[in-house]
Amino acid sequence: MQDIAPGTLSANPGNLRLTGAYLFFSTNDGTNGPALWSIPLTNIPYLPARVAARTYIQAEDYDRGDEGLAYHDSDPVNVGGQYRTAAGVDLTTVNSDGSGGIMLGWTKPGEWLNYTLDIVSTSAYTLEISLATAGTGGSFHLARDGTDISGPITVPDTGGWRAWRTITGPALSLPAGRHTLRLVFDSAGATGYVANIDWLVLDGASDPIYLPMVRR
Ligand SMILES: [Ca+2]
Ligand SMILES: [Ca+2]
């Protein structure tokens, strides 16, 4: 554990950047013993929680946190330049005229995004995904707490990068409690990209999920 010299925190208020999974606090007795308490710096939903039985997960509302903790993107720039401009995840508008909210674009194999969910009751949830692609060859999967729970989801050719289609994925079994759902991009089509994603829906009929508040 690394101590911060007295005065450092107040020397540049507003300019302190913290990286890592947790911020630990311990006593100043020189022993660097166990932390008294800690603040998580990842697994933090981007927006306040709400409840819905039919739950929209907006792709752009991935968890707060740094590259390698909340997401992995192949370059540090937000290529689309919209919404969360300080992170490397590539976001732009759903429609070319700027309408329709925000989508995730420029997705490459190996990239991933985390979504922290608080699931009230163990249930099977149907999965729908709004996506757009030009050409075939893309695939991705969903993992829960590091385990693949969807298998490969093949991306159809929707006829263009803003030609949106909703596809139905496999039913997902989600246990009660706090879990991390990870969207993982696996293979790309001829363009080198996997798919543009607008949103995912988890529909548990009467079983709600707490998760980041949606924007329509
Ligand atoms: Ca990027
Ligand atoms: Ca990307």
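Predicted model: local features only at pLDDT ≥ 70, side-chain atom pairs only at ≥ 80, totals over all residues.

I started with β9 and strand β13, which covers residues 165-168: 4 bridges link them, and they pair in the antiparallel sense.

Next I asked which other strands sit alongside β9. One is strand β14 (residues 172-174), joined to β9 by 3 bridges and running antiparallel. There I noted Tyr 125, whose bridge partner in β14 is Leu 172. Another is β16, which pairs with β9 over 7 bridges, again in the antiparallel sense. On that side I picked out Ile 129, and its bridge partner in β16 is Leu 200.

Then I moved on to β10. What does β10 pair with? I found 6 bridges joining β10 to β15, and these two run antiparallel. Ser 139 is opposite Ser 187 of β15. I also found β12, a strand of residues 153-154, joined to β10 by 2 bridges and antiparallel to it. Here Phe 140 faces its opposite number, Ile 153 in β12.

Arg 144 has Thr 147 in β11 as its bridge partner. How many residues lie between β10 and β11 in their hairpin? I got 2, and Asp 145 in that turn has a positive phi of about 50°.

A reminder to myself on strands: in a regular one, the side chains alternate between the two faces of the sheet.

Which residues have the most contacts within the largest nonpolar core? That core has 38 residues, and the answer is Met 103, Val 194, Ala 195 and Ile 197.

I took a closer look at Ile 197. Skipping its neighbours within four places in sequence, I found Ile 197 in contact with Ala 59, Met 103, Leu 104, Ile 129 and Leu 131. Two of those names were already in my notes: Met 103 is among the residues with the most contacts inside the core, and Ile 129 is the bridge partner of Leu 200 in β16.

How values were computed
Residues numbered from 1 in each chain as written. Chains lettered and ligands numbered in written order. Core = buried A, V, L, I, M, F, W, Y, C linked by C-beta atoms within 7 Å. Buried ≥ 20, exposed ≤ 12 C-beta atoms within 10 Å, placed from the backbone. Contact = placed C-beta atoms within 7 Å. Pairing = 2+ DSSP bridges.
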